Amino acid sequence: MNTMQARTALSGLTLAGALLVGSIAEAAVTVRYYNRDSKSYEMPAKCSGSSYTVKFSGSTTASATIQGSSPCVVKAPGGEVTLKGGENIEIKDGKIIIK
């Protein structure tokens, strides 16, 4: 392999690595939430067949990120909800309401 072939191969590997990292970085679902309850919650979530946990702090407005691919089904005490990312949600009495 000459120097030019080696540079081309290295450039191709670098590009492939950058694309892989970019696609991994996008594998998350982020929502903005307002938890009216004083209680904090940790709720199980299933995203594209993988299991995760999402945490919501009590009496707080914040963002929560689930590190899985969209859509994610979150099991709240008040019932299940499907999140795709970008939603504004409210939590009241353990129930998630999409606004």
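1. Contact here means heavy atoms within 4.5 Å. By that rule, and not counting residues up to four places away in sequence, Ile 66 touches Ala 27, Ala 28, Val 29, Ala 45, Cys 47, Tyr 52, Val 54, Cys 72 and Val 74.

2. The basis of the note is as follows. The structure is a predicted model, in which local features need pLDDT of at least 70 and side-chain atom pairs count only at pLDDT 80 or more, while totals for chains, interfaces and linings use all residues. Residues are numbered from 1 along each chain as its sequence is written, and side-chain values use heavy atoms, with hydrogens and water left out.

3. On overall composition, the protein chain holds 1 helix and 8 strands, and its pattern along the sequence reads α-β-β-β-β-β-β-β-β. These elements are DSSP runs numbered from the N terminus (helices: H or I, at least four residues; strands: E, at least two). Of the contacts with a separation of 6 or more in the protein chain, 51% are between residues 24 or more positions apart.

4. On burial and surface, 27% of the 99 residues of the protein chain count as buried. The classes are buried (under 20% relative accessible area), exposed (over 50%) and partly exposed (in between), with a 1.4 Å probe and protein chains only. The accessible surface of the protein chain is about 6400 Å², and 54% of this surface belongs to carbon and sulfur atoms. These areas come from the Shrake-Rupley method with a 1.4 Å probe; for residues, only the protein chains shown count as cover.

5. Strand 7 (residues 88-92) and strand 8 run antiparallel and are joined by 4 bridges; Ile 89 has Ile 98 in strand 8 as its bridge partner.

6. A further open sheet, also of 4 strands, has the order 3-2-5-6 and antiparallel pairing. Strand 3 (50-56) and strand 6 (79-83) each have a single partner strand, so one side of each of these edge strands is left without a neighbour in the sheet.

7. Strand 5 and strand 6 form a hairpin with 2 residues between them. The antiparallel pairing of strand 5 (residues 72-76) with strand 6 comprises 5 bridges. In strand 6, Gly 79 stands opposite Ala 76, and Glu 80 stands opposite Lys 75.

8. Lys 75 lies in strand 5 and is partly exposed, with a relative accessible area of 48%. Leaving aside neighbours within four places in sequence, Lys 75 is in contact with Met 43, Pro 44 and Glu 80. Lys 75 and Ala 45 are 30 residues apart in sequence, yet their C-alpha atoms are 6.2 Å apart in space.

9. The largest nonpolar core has 20 residues, of which Met 43, Phe 56, Ile 66, Val 74 and Ile 96 touch the most other members. Strand 1 (29-35), strand 2 (41-47), strand 3, strand 4, strand 5, strand 6 and strand 7 are the elements that give two or more residues to this core. The largest share, 4 residues, comes from strand 2. A nonpolar core is a set of buried Ala, Val, Leu, Ile, Met, Phe, Trp, Tyr and Cys residues joined through side-chain atoms within 4.5 Å.

10. The count of aromatic pairs comes to 1. The ring centres of Tyr 33 and Phe 56 are 4.9 Å apart and the planes stand at 80°, so the pair is edge-to-face. Rings of Phe, Tyr and Trp (its six-membered ring) pair if their centres lie within 6.5 Å; planes under 30 degrees apart count as stacked, over 60 as edge-to-face and the rest as tilted. Because Tyr 33 lies in strand 1 and Phe 56 in strand 3, the pair ties together parts that are 23 residues apart in sequence. Tyr 33 counts as buried at 4% relative accessibility, and Phe 56 is buried at 1% relative accessible area.

11. Ala 28 is found in the loop between helix 1 (3-25) and strand 1, and is partly exposed at a relative accessible area of 30%. Not counting residues up to four places away in sequence, Ala 28 touches Thr 65, Ile 66, Gln 67 and Gly 68. Ala 28 and Ser 70 are 42 residues apart in sequence and 7.0 Å apart in space, C-alpha to C-alpha.

Conventions:
Two strands pair if DSSP finds at least two bridges between them.
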